[in-house]
Structures are given as C-alpha cells and as structure tokens.
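Trainee: I am new to this structure. Could you walk me through the model in short steps?
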Amino acid sequence: MIANAAVPRLATAAAQALQRRTYFSVSSSLPQVRVSLAEKTVHGLAIFGGVIAYPIWVIAHVREYKGGN
C-alpha cells in the first residue's frame, strides 16, 4: 500500500529533476584555449600506450598461458 503511493510520487519527482537539469559545460562554439601540437601528441601516445599495453603483455606471455616455458 505504501509502495502504491510512493512509486508515482518518486517517478514524478525524478522526471521533474531531469527536466530541471541543465548542461552548462556543453558548448558548440570554438575552443577558448588552443591545445598545442606537442600536448596533443603526448596525450595521444599516452592513450595509445595504455590501450596497447595489455595485448602486448598477453602476446609476450602466451607460452606461460599455454602451460609451457
């Protein structure tokens, strides 16, 4: 009985909260601060290294996974 009264109220409150939500950090204009090519390169290499590190580790240790030396 309590659930029958509470669920519609919670649903209404959740819907109102989502409607009131605003996104101030989203901007469709040009960037305010230019990121240098060196910084883009360093970040790209860091992301690439992070993504490729695990597959390289697995390939290097395939023999151990298969049970051999």
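**Walking through the model**

Mentor: Start with residues 41–60: the end C-alpha atoms lie 27 Å apart, and the span is 100% helix and 0% strand. Helices (H or I, at least four residues) and strands (E, at least two) are DSSP runs, numbered from the N terminus. This is a predicted model; local features need pLDDT of at least 70, side-chain atom pairs count only at pLDDT 80 or more, and totals for chains, interfaces and linings use all residues. Residues are numbered from 1 along each chain as its sequence is written, and side-chain values use heavy atoms, with hydrogens and water left out.

Trainee: What does UniProt list for residues 41–60?

Mentor: UniProt positions follow the numbering used here, feature names are shortened, and annotations may be inferred rather than shown by experiment. The entry is unreviewed, and its name for residues 41–60 is "transmembrane region".

Trainee: Which helix has the highest mean pLDDT?

Mentor: pLDDT is the predictor's confidence in each residue, from 0 to 100. The protein chain averages 82, and 77% of the residues score at least 70. Among the elements, helix α1 (residues 2–20) has the lowest mean, 72, while the highest, 96, belongs to helix α2 (residues 37–60).

Trainee: What pattern does the protein chain follow along the sequence?

Mentor: The protein chain has three helices and zero strands. Read along the sequence, the pattern is α-α-α.

Trainee: Is His61 buried or exposed?

Mentor: Buried means under 20% relative accessible area, exposed over 50%, partly exposed in between (1.4 Å probe, protein chains only). Of the 69 residues of the protein chain, 1% count as buried. His61 sits in the loop between α2 and α3. Because its relative accessibility is 18%, His61 counts as buried.

Trainee: Which residue's backbone oxygen does the side chain of His61 reach?

Mentor: The distance is 2.9 Å. The backbone oxygen belongs to Trp57.

Trainee: Which residues make the nonpolar surface patch of about 490 Å²?

Mentor: Like charges are joined within 9 Å, nonpolar side chains (Val, Leu, Ile, Met, Phe, Trp, Tyr) within 5 Å. Here α2 and α3 (62–66) each supply at least two residues. The patch is made by Tyr54, Trp57, Val62 and Tyr65.

Note on methods. Patch = residues over 30% accessible without salt bridge, like charges linked within 9 Å, V, L, I, M, F, W, Y side chains within 5 Å. Areas by Shrake-Rupley, 256 points an atom, 1.4 Å probe, with all protein chains shown as cover. Salt bridge = Lys/Arg side-chain N within 4 Å of Asp/Glu carboxyl O. Polar contact = N/O pair within 3.5 Å; in protein donor to acceptor, adjacent residues only side chain to side chain.
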